[in-house]
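Me: I have a sequence and a structure open, and I would like to learn where the words used for such things come from. Could you take my questions one at a time?

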Amino acid sequence: MEISEKEAKRMNNKFIQFYRFIVLNLKILKAVDVSKRA
Amino acid sequence: MLVPQFLGQPFKYIGKDGEDITSKIANPAGFILVDGIYGLEYSALAANPDAWPAVYQNKNYQNIFAGGIAFAPPGPISQPHKTPNGTVIAAAPPRTGMVSGIIGRIIAKNIIDLIKKGRMTHHERMSEMAAACIASMGDSLWDGSAATIMMYPVVPDERKYPNEHGRDLFVTHMEMGLAGAWMKRMIHTTFMHKLRARIGWKIIPE
């Protein structure tokens, strides 16, 4: 897979990546919440 | 990711009276048989997520448990394929990392249960389990990067999630970027905190 210049910039944009960090944490929280964890 | 087939250790298991009990404990690849339903065709296995083991205990020998990479999965987690020269390509379920930690917790709690109550009260199939994997591609918190992969459930459950993938599509996701490097750092720090059994370690996921 080749990463375009635009994509590379996006991958290191601090504001976008901070937003993605929050989204990824929300995904993990949902996964932990809905999985069984018995 | 394509990797060679994993194999268990080629032990020969001998019973008390000297008989060979290998077939009661391990499958031909050397993985330990547990409480899953084995021998199903892929289509039957995909339609029945309950065929996946729940307590990871050997049915013949109740004092034997196998977690993580050691237990024998009932089959692949997606449609197996064959190359023109006959090599089988089958997606084995990921059983290292987070999945190992979760199964280890279930087994440990069930052993405690067996000692204290005489019965097991914890169970979690891989079709009920969430997992995350972060592959680092540079650990700098300023210009590092990592691929973050999340799946729920690890083994598709088409009954609960009747979409093309059999998974929760909000959780199931893969992306690359600096946020992954931050996630990796967060997971390293919280994992070490959990490992040292410091305050709140029990609520930190594996």
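**Questions about two chains**

Me: How do you know that E3(B) and E4(B) pair?
Reply: Two strands pair if DSSP finds at least two bridges between them, and E3(B) and E4(B) have 6 bridges, in the antiparallel sense. In one of the places to look, B:Ala132 stands opposite B:Met150 in E4(B). Helices (H or I, at least four residues) and strands (E, at least two) are DSSP runs, numbered from the N terminus.

Me: Before we go on, what should I know about the model and its numbering?
Reply: It is a predicted model, where local features need pLDDT of at least 70 and side-chain atom pairs count only at pLDDT 80 or more, while totals for chains, interfaces and linings use all residues. Residues are numbered from 1 along each chain as its sequence is written, and chains are lettered from A and ligands numbered from 1 in the order in which they are written.

Me: What makes E4(B) and E5(B) a pair?
Reply: The two strands share 5 bridges, again antiparallel. For example, B:Thr148 has B:Glu175 in E5(B) as its bridge partner. Together, 3 strands form an open sheet in the order E3-E4-E5 of chain B.

Me: Why are E3 and E5 of chain B called edge strands?
Reply: Each of them pairs on one side only. From one strand to the next, the twist averages 10° (axes are lines fitted to C-alpha atoms, for helices over the stretch in contact, and angles run from 0 to 180 degrees between N-to-C directions).

Me: What does the rest of chain B look like in outline?
Reply: Chain B has 4 helices and 5 strands, and along the sequence they follow the pattern α-α-β-β-α-β-β-β-α. Its C-alpha trace spans about 65 × 50 × 35 Å along the principal axes.

Me: Why is B:His193 called partly exposed?
Reply: A residue is buried if 20 or more other C-beta atoms lie within 10 Å of its own, exposed if 12 or fewer, and partly exposed in between, with C-beta atoms placed from the backbone. B:His193 has 14 C-beta neighbours inside 10 Å, so it counts as partly exposed. B:His193 is found in helix H4 of chain B. Of the 206 residues of chain B, 33% count as buried.

Me: What does B:His193 touch, leaving out residues up to four places away in sequence?
Reply: B:His193 touches B:Arg198, B:Trp201 and B:Ile204. Two residues are in contact if their C-beta atoms, placed from the backbone, lie within 7 Å.

Me: Which residues of H2(A) are buried, and why are they said to be on the same side?
Reply: A:Gln17, A:Arg20, A:Phe21, A:Leu24, A:Lys27, A:Ile28 and A:Ala31 are buried. They cover an arc of only 125° around the axis, which puts them on the same side of H2(A); the arc is that of the directions from the helix axis to the C-beta atoms. The face turned away carries exposed residues, including A:Phe15 and A:Tyr19.

Me: What do the buried residues of H2(A) pack against?
Reply: They pack against E3, E4, E5 and H4 of chain B.

Me: How many residues do the two chains bring to their contact?
Reply: 15 residues of chain A are in contact with 25 residues of chain B. H2(A) gives the largest share of the chain A side, 10 residues.
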